[in-house]
Structure formats: C-alpha cells, structure tokens
Amino acid sequence: MKYKLTLAAALLSATFFAGAASAKTFVYCSEGSPEGFDPGIYTAGTTFDASAHPVYNRLLEFKPGTTQPEAGLAASWDISADGTVYTFKLRPNVKFQTTEFFKPTRNLNADDVVFSIGRQVDEKNAWHKYISGASWEYAEGMGFPKLIKSIEKVDDLTVKVTLNRPEAPFLANLAMPFASILSKEYADSLDKAGKKEQLNQMPVGTGPFTFIGYQQDAVIRFQKNAGYWGPAPKIDDLVFAITTDAAVRYQKLKAGECHLMPYPNAADVKAMKSDPNLKVMEQEGLNVAYLAYNTTQAPFDKVEVRRALNKAINKKAIVDAVFQGMATPAVNPIPPTMWSYNKSTQDDTYDIEAAKKMLADAGVKNLSMKVWAMPVSRPYMLNARRAAEIIQDDFAKIGVKVEIVSYEWAEYLNRSKAKDRDGAAMLGWTGDNGDPDNFLDTLLGCDAVGGNNRAQWCNKEFDELVKKAKVTSDMAERTKLYEQAQAVFKKEAPWATLDHSLSVVPMRKGVTGFTQSPLGDFTFEAVDIAE
C-alpha cells in the first residue's frame, strides 16, 4: 500500500487536471482510503470502489443502474436441474493489464477463476493466509466454504462449480466485488519472488482501468486499459483524490478540482442544486444504518436491555440532524424498497419513561457503555459522530453513560468485528446484489459471527429461516421466510435500526455517462467530460 506515485506531488495540479495534451483526466473526490486492493479480503464500499470496480471484473456483472446480473467474464453458463452444478463458459481473448510491475504472457483462462475463488474457500490453499490478518469475511459470512463442494477447470475456457446444495442467490453473489477474478500468473510470479503481499498492494486485473500507483491517504491513479475487452473507457486517466471531509470535497467540486464526489453533507445539497456549474443525482438508497449491540457481552446479552435502549433512541432526531429530511427512520434490517420487506413490523416507540422502567426491571443500574462512531461518511450515515452524540444524549436521559469512540476506518472495521468488542458499534450496509439474503444472512446469520455480524448474534430460529430461504427457488416462499426472519429480528433486537437514506451524487455539469447504482457503487468506465 506504500507504492509511491512518481507524480504524487503534481497529481492534483491544475495543469494536470486540465489534461495538457488531448488526454482526459477524471478526478473523483473519494471519501476514504482503501484497506487494500484485493477485493476478496474486504467488505467496505470504499475499498471496492478503488479496487474491484476499476481494476477487476467478475464472472457476472450487474447491469448498470440495476441489480440484474448479466454476462461478464463468463459469456454464458448452464445450471443443472437440481441447482447444484454451474458450468461457466469464459469469454475468449480477455487480456490482463500490462503494468510497470507485471507483463502477462497469456489471456484469462479457467486457472484464474479457480485460483480467485478457490483461495477464499479452502483453508489449505497456499493463498488463504497470504498476508497477516487476511480473512475472507464476505465468502465466509455468506457460507461459501460450506456451500462450494468443488471448483474445477474443465478446459481453458470452461469452469465447473459444484455446490453442496442449491443456492438461490448464487449467480448474483458471483457478480459482487469480493468475487473479482485475479491473475494466477501474476500471483505465481509474486510467490516465486517472495512478494505475495504485493497482490494486495499493486493489483492486476482485466478491468477498464490499469492501476498506476497509490500515495497512501492522498491519491490513487489509474489509466485507461488499452486492451480492455469491453467498451473502451472514454477518459484516459482516473484519479481518486482522497478527501475525508465532506465540506472539503464540496469546496473542491465547486472549484473544479474534482468532477464528482460522494456523500455530501445534507445541509449543502440545496446549494449544490442551485449552482449552475453542478448537477445532482438522487435515488432511494438500498441501505440501512444500525447500532449493533454485542449480544455476547453483559448486559447486552439480555433482550430486555437491548429493547430498552432501542426505545430510548430518537431516530427522527437523527434523521433530521444528520440528513435534513433525506432519510427515513429504519424499522427492519432491510430497506423498504427491497422485495420481502415486512410491512407489518411495529417499530419500537420512542419512550424514555418506558425505557427507564425496562432497564430497572432487567436489574440494570448505573450502566456505562461505549458507542462506536464511524470516522467516514457513508450513504447510510453521513455524520456518525453527530448521530452518536444524539444517542449519547438520549441514553443519558435513562441513566446510561456513553463514551463515544472511533478509529481510522480500516482499524474501525477490524476492531468492530471482534467477538469481545465492548458496547455498540454504529455501521450500515448498502446491498451488494439486490437480494434480501445479502442483508439478513450476510449481516445477521450465524456464519457471519466474528465478521459482518457485528452483533455477534446467532439465533437458531432466525438462522434456519434465512438458510431455508437460500435453497428455495420459489419467490413467494422466499418472501414468506424473510418476512418471518424480520419478525424474529425485531423481537430479539440485536440492532437498533437507525435509518434508510436517499443516495445523493453531486457532480460537475459537464460530466456525462455516470450511472447511479442502487448498490452504492461508484464506477467510471462509461463517464466522459464535455468539452
């Protein structure tokens, strides 16, 4: 991650942005630094935007602007009658990127697919623990090691994946960033050179942009992949100018120092819409923000305590203060725009006196706890510190003392998943494939404990419902099961559900070709800049 740019100091200069010759440079004021550049190891959208989307492809891709999987590196596929064998025919003549640090000698083939997926599900694979602390959080949280029986090369352009049972969302799962396909040839060369960790620092893929370099916490530079198998990008250079403060991102956008920014402060959106040099895209976000109690630690192991705390949170105050109307209080752990949303769920009413009584009845007095606040803006929580302060004030009204804690983003994500973590961690989720499984099992299933399941909550009744839904192909039956699972969730209260937000993307007026993703992705292969 400390591979330095030779142009680092000059990258953000006005002459560079102006594209002195005929080259077009697109600058994205990103909200945070990537944890690394191997998408299989991580779950954060910030990391996926800087790695999976520009550099890599997957067997399937989501059709832009939708949650519909379509052909990617796999040109076609067949599924056995019992739903357990998937045979993928790879697209021929797909080239890996040529960089200063690697020159491929062959095109994409089945070996790359077997390598990329196999290392995530097989503990004996030499690449399963190739860097310290590596964990395949997504694959493990979704049960891939138990699901995938084998992944085999049939011939150079054919891969067969055999499952231990049917899995309704399997194709959609393979279109997600964690399932990106890497170069086995590149990995083998790093292994031979004793530099395996470089796979996570200097990426090589088949995607629309080639990685040039990263100056940590400052800038990432990509260049158009001249050999890209898909439609050629319209821009020549792509720059991620890492700018953690939303107000500073806005100033850079107004000044023309970047072309597009994510996650604006809600208070700035009205001014953005009235600025003749800017335009603003909006859509309902497929997301949820939540406060995850560590249900294995006293007193949060008592459902009565969790529900009492939930009744003390004024969610409308959070929505008003943080989003200024661009969000709604959350009831269920999935957004209301998603199929199978349980409309009959009754939310916890905001009731300070009732919350006090519930805590007293549970035998809890003089409770002190930590509330974790994210250090970055996310679509589902634009200002976690402000939200945590509101919760701190709410809990004080019922006699609970709160210490707000935070860490650098990568450390926050790592620490918050620890099974012995104290207090309640604020996080959220933007759906990665449009399927309820991606919320309910990925974030709350027993397989995700110690990973994405920040509540460390393993409830047998809930888990059986979502696991049954996975293997059911009938949409009506899956809907019924997910509705029942949401009812169990609400009764047991492992989270305080906070909000579902509107997704707002401001950009310069001259930007064309950007498609807002319901999955919260920021991708730039189709963008252009008007002259």
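What follows is a short exchange about the cysteines and nonpolar cores of this predicted model.

Colleague: How many disulfides does the structure hold?

Modeller: The structure holds 1 disulfide.

Colleague: What makes the link of Cys446 and Cys458 a disulfide?

Modeller: The S to S distance is 2.0 Å. The cut-off is 2.5 Å, so the pair qualifies. A disulfide is a covalent bond between the sulfur atoms of two cysteines.

Colleague: Which hand does the link of Cys446 and Cys458 have?

Modeller: It is right-handed, with 95° about the S-S bond. Cys446 and Cys458 are 12 residues apart, and each sits in the loop between α16 (437-444) and α17 (460-470).

Colleague: Why does Cys458 count as exposed?

Modeller: Its relative accessibility is 52%. Exposed means over 50%, so Cys458 counts as exposed.

Colleague: And why is Cys29 called buried?

Modeller: Cys29 has 0% relative accessibility. Buried means under 20%, so Cys29 is buried. Cys258 also has a relative accessible area of 0%, and therefore is buried.

Colleague: Which residues touch the most other members of the largest nonpolar core?

Modeller: They are Phe26, Phe144, Met381, Phe395, Met426 and Phe524, in a core of 159 residues. Take Phe395. Leaving aside neighbours within four places in sequence, Phe395 is in contact with Tyr293, Leu309, Ala312, Ile313, Met369, Val400 and Val402.

Colleague: Where does Cys258 belong?

Modeller: Cys258 is in a second, separate core of 11 residues. That core also includes Met261, Met272 and Leu278.

Note on methods: Residues are numbered from 1 along each chain as its sequence is written. This is a predicted model: local features need pLDDT of at least 70, side-chain atom pairs count only at pLDDT 80 or more; totals for chains, interfaces and linings use all residues. Side-chain values use heavy atoms; hydrogens and water are left out. Helices (H or I, at least four residues) and strands (E, at least two) are DSSP runs, numbered from the N terminus. Buried means under 20% relative accessible area, exposed over 50%, partly exposed in between (1.4 Å probe, protein chains only). A nonpolar core is a set of buried Ala, Val, Leu, Ile, Met, Phe, Trp, Tyr and Cys residues joined through side-chain atoms within 4.5 Å. Contact means heavy atoms within 4.5 Å.
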